[in-house]
Amino acid sequence: MSASRSTGTTDALGPDEGPEREPSAVVPGSRLLAALLDGMDAALCAFDAHGTITHWNREAERILGWTAAEAVGRRGFAGWAVRSADADDVEKRLLAVMDAPGRQVHEFALLRKDGGRVLVRTQSSGVRGEDGKPAGVYCAFSEVHTQIDLERSIALSEALFEDASWGVVAVDVDLRPTIVNAYAARALGGGRTTLLGRPLGELIVQGVEDLEGALQHVLAEGPPPAPAELWVTLRTAEGERRRCWRSGFLRLASPLAEEPVPLGVGWLFRDVTAAKLAEQEADRVRFRAAQLHRAARQAAECEDPMEAATTSLDYALAGFADHAVLDVRADLAAGERLVRAAATPSDAPGPCLPVSGGPLPVRYGPGHPALQAVERTGSVRAAAPAGAGAAWAVEHQWPGDSVHALSTVLRSRGRTLGVVTFLRAANRSAFERPDVVYAESVAVRVASAVDLARLTAEPGL
């Protein structure tokens, strides 16, 4: 179906017949041109030097309703595709392109066949003949709202990959970055070009399995219904950094294929590490405050002051430490000699209980964290050296799996009564400053109970 009535169209592939060509292998130029025009996504029409329409494709027919048979051969748009009042201006602006270099963009209000009006945006360019003289004009046009939608989509894509305040990464089907915006480059610790094509495992030390699993799921099943929070550890020049990214995923498919063909995944994320850490800290503070409250209520029901002390330690251990050791001064006037009054089991989790048979003297060596805490009247943190194994814990007379220690002095009525030591195994992190504050809050309650035990003349205290 040719959309042209032009009789002067030449065959771009050669003559229709010739001694050196198979007739069946030749596509006539007019047919090829018609197929190309009808397959275009944009509407297209062409005018000769006198303003007569020579070409009209299917998209032009779809937009305006006029068929090629009705359009080709007409002089301009006057009287059928444009209002009479606008006809001269439209024709003048279109034909003026013949004498101007490059393309020109205009917007016109055209008439549909059914009488409705449609605003179109045109791109027009002059056509010159073999002699170099103006021979006509071709004009590609589309509905303005369609063009604006396209431009808006392109502008949005450009903005996302340039100025977005969150990370945007396009990942191919091999899970390698193909486009990275500035935010994502900073978050991943590289440049926008140096990150392209590199496996994610080269950038992420821990958590890459979760990220790649999410990307593969999107390729196979589609995007998840809600953003996901992924914790990763990054390898940077300053060392390893642990970050939390709130991530959303979109499957990218080609709009040109008959069936959706995955091109990759669009990964959008924002670093929410600070907010998550603050949230975790708030949860931790609430939990610890609740534990202190429960411990105080439970200790108030204990007739034995030392039972109240160990009850406070039991509540403190939840989510905080693996072991607790309570050492008290045997005689407040006899210096810093300590005796082991209570402890948790060394071989398994369990409650803090008084030492069987009564308090036992402990022979801590010089520089022991418990002795330092008594000397400084404060708290001391300690950790096993790398590769020390159980020897460090045994040397300090603690359970063999202990690698982190926090010793806090017991003070009541202006006197040092002893020290309580909290211990963590290797699967926990080292004690930090917020942990010290919590331990000291527990120590205040334990010291009050120990002091009460002394006042009631408990044996061995």
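Biologist: Which residue just after H7 takes a positive phi?

Modeller: Gly222, with a phi of about 110°. Helices here are DSSP runs of H or I with at least four residues, and strands are E runs of at least two, numbered from the N terminus. Do keep in mind that this is a predicted model: local features need pLDDT of at least 70, side-chain atom pairs count only at pLDDT 80 or more, while totals for chains, interfaces and linings use all residues. Residues are numbered from 1 along each chain as its sequence is written, and side-chain values use heavy atoms, leaving out hydrogens and water.

Biologist: Which residues of H7 are buried?

Modeller: Buried means under 20% relative accessible area, exposed over 50%, partly exposed in between (1.4 Å probe, protein chains only). In H7 (208-221), the buried ones are Val208, Leu211, Leu215, Val218 and Leu219. They line one face of the helix, because they fall within an arc of 100° seen down its axis, taking directions from the axis to the C-beta atoms. The face turned away carries exposed Glu209, Asp210, Ala220 and Glu221.

Biologist: How do H9 and H12 pack?

Modeller: Two packed helices are described by the angle and the distance between their axes. Axes are lines fitted to C-alpha atoms over the stretch in contact (heavy atoms within 4.5 Å), and angles run from 0 to 180 degrees between N-to-C directions. H9 (305-317) and H12 (433-455) pack at about 165°, with axes 7 Å apart. That makes H9 roughly antiparallel to H12 (over 145 degrees). Among the contact residues are Ala309 of H9 and Val446 of H12.

Notes:
Parallel < 35°, antiparallel > 145°, perpendicular 65-115°, else oblique.
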